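Please read the following note with the structure open beside it.

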Amino acid sequence: MSMDDKENALIFDTHAHYDDEAFDKDRESVIASLPAGGIGTAVDVASTAASIPIVVRIAEEHEHLLAAVGVHPSECAEMSQKDMDLIEEMLKHPKVKAIGEIGLDYHWPEPERSIQKKWFSRQLDLALKTDMPVIIHSRDAAEDTYLCLREFCRKRKDAGLSGSPGVIHCYSYSPEQAREYVKMGFYIGIGGALTFKNSKKLRTVAQETPLANIVLETDCPYMAPVPHRGERNSSLFLPFVAEELSVIKGMDKEEIIRQTASNARKLYRLDGSVSGLSLRQTVRQIAKKAERIRMPDILNPGETLRILDKYGIHARKKYGQNFLIDRGVVSDIIEASGITKEDCVLEIGPGIGSMTWHLARSAGKQSQAGPCRYAVGLRKCHDSLERHTEDRPSQSRRGVQRRTAAEGRCEPSVLHYDTDSYAAPCRTGVF
């Protein structure tokens, strides 16, 4: 079983409040018991400005907890720029994976709707600036929430941002509106309310929404599922929600857990996929930076890693060039990579791109990165590979289909150079 399969075999609670005073007496024991109870990960979500440093600290202290920072609409009356600065600063913490919970709540007359909209908009702008997913709370505010999020998604598209914009937490609106949110890229958060007798509308939403767009949540200590309704909720009760969803979907409970955990990892960008700027925009930013790098720096792999980290590029799989000295390894790597037409192969460096050439045959898109005066480019990759294999007769050519450069689906790009520890002039990743 792969590491991803192991992680997805455990339930992922996308929304909890372990900072709540309801856990003051036994917080540590409850959190410590989660893995044994089948819970792989839980996200502690802030609701007030005061709770922001607390959820971050709790996440720091527990390996299987993450955090989200933001101010709940019912708690925004006293918000200030200082609170916004705190949220932005906390977003730099490696355990913080989202902005939330934020949104609109018109169930009570206070805070005034104009104040709620102001701080909802401000926090959405911060999510746009930092490209963080958002956790949305919306109660009795369907139309205004939808209009705000539609504009938010329009701005994300204009900015070239990729990945899901976030999750509609504790979804309570119509199946029709759920479909619209799914089209916008949002996940639908489903928790204990699914087990309630009066949850007909939510059950319809759960039935009609593709499982690929659903995540599980508790909102603990609130919203405990049947048969624990009325008790203090915790992530340990999520198996009841997974069981109910499996009945509604007509699927195995294990598949519900696996798919929703995988969805959660995508939502919070824990799957290693590229987030932030689109590949094209990221490539341009790296190119701009690369042109200012001196050649001695370019030869330093640490410089490349620093740049990739700065722009948020994280490959699902990385490949060095040591395959060049081992007959038959190429085919094994290609088979293990699991590349599909939905993937993009990005080569960082001006080298001959032999590994990229092999990997890119199965991908839908390719690009190369390297300063223009050093880049060879994927369009020259075929001829370079021919010369390279002639120079190294021991290299396996098993399973390699020859084709001309004109047949490639290559994007000419000018980017960045790197060498890795195997002294080969490129670093290849699949995104």
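1. Which residue with a positive phi follows α10? The residue that follows α10 is R269, and its phi is near 60 degrees. R269 is not a glycine, and its place is in the loop between α10 and β10 (276–277). With a relative accessible area of 16%, R269 is buried; buried means under 20% relative accessible area, exposed means over 50%, and partly exposed lies in between (1.4 Å probe, protein chains only).

2. A word on the basis of these points is in order. This is a predicted model, in which local features need pLDDT of at least 70 and side-chain atom pairs count only at pLDDT 80 or more, while totals for chains, interfaces and linings use all residues. Residues are numbered from 1 along each chain as its sequence is written, and side-chain values use heavy atoms, with hydrogens and water left out.

3. The chain has 16 helices and 15 strands. Helices (H or I, at least four residues) and strands (E, at least two) are DSSP runs, numbered from the N terminus. Of the 431 residues in the chain, 55% are buried.

4. Helix α10 (residues 253–267) has 15 residues, which at 1.5 Å a residue should span 21 Å; the end C-alpha atoms are 21 Å apart, in agreement. The expected span is 1.5 Å times one less than the number of residues. Among the buried residues of α10 are I256, Q259, N263 and R265.

5. M223 also deserves attention: its phi is positive, near 60 degrees, and it is a residue other than glycine. M223 is found in the loop between β9 and α9 (238–249) and is partly exposed, with a relative accessible area of 30%. Two peptide bonds are cis: that from G100 to E101, with omega near 5 degrees, and that from E110 to P111, with omega near -5 degrees. E101 is found in strand β4 (residues 96–105), whereas P111 is in the loop between β4 and α5. Most residues other than glycine have a negative phi, and most peptide bonds are trans.

6. M223 is also one of the residues that line the second largest cavity, together with others including C170, Y171, E217 and D219. About 50 Å³ of space lies in this cavity, and its lining divides into six nonpolar, four polar and two charged residues. Ala, Val, Leu, Ile, Met, Phe, Trp, Tyr, Cys and Pro count as nonpolar, Asp, Glu, Lys and Arg as charged, and the others, Gly among them, as polar. A cavity is a set of points on a 1 Å grid over the protein atoms alone where a 1.4 Å probe fits but cannot get out, and lining residues have an atom within 4 Å of a point. The volume is the space filled by probe spheres set on the points, which are joined across faces, edges and corners.

7. H64 is found in the loop between α3 (52–61) and β3 (65–69). H64 counts as buried, at 17% relative accessibility, and its side chain reaches the backbone oxygen of I31 at 2.8 Å. Leaving aside neighbours within four places in sequence, H64 is in contact (heavy atoms within 4.5 Å) with residues including I31, L34 and P35.

8. T209 lies in the loop between α8 (200–208) and β9 (214–216) and counts as buried, at 5% relative accessibility. T209 and V182 are 27 residues apart in sequence and 8.1 Å apart in space, C-alpha to C-alpha.

Technical notes
A polar contact is a pair of N or O atoms within 3.5 Å; within protein, one must be able to donate a hydrogen and the other to accept it, and residues adjacent in sequence count only if both atoms are side-chain atoms. On a 1 Å grid over the protein atoms alone, a cavity is a set of points where a 1.4 Å probe fits but cannot get out, and a pocket is an open set with protein on both sides within 12 Å along at least five of seven lines; lining residues have an atom within 4 Å of a point.
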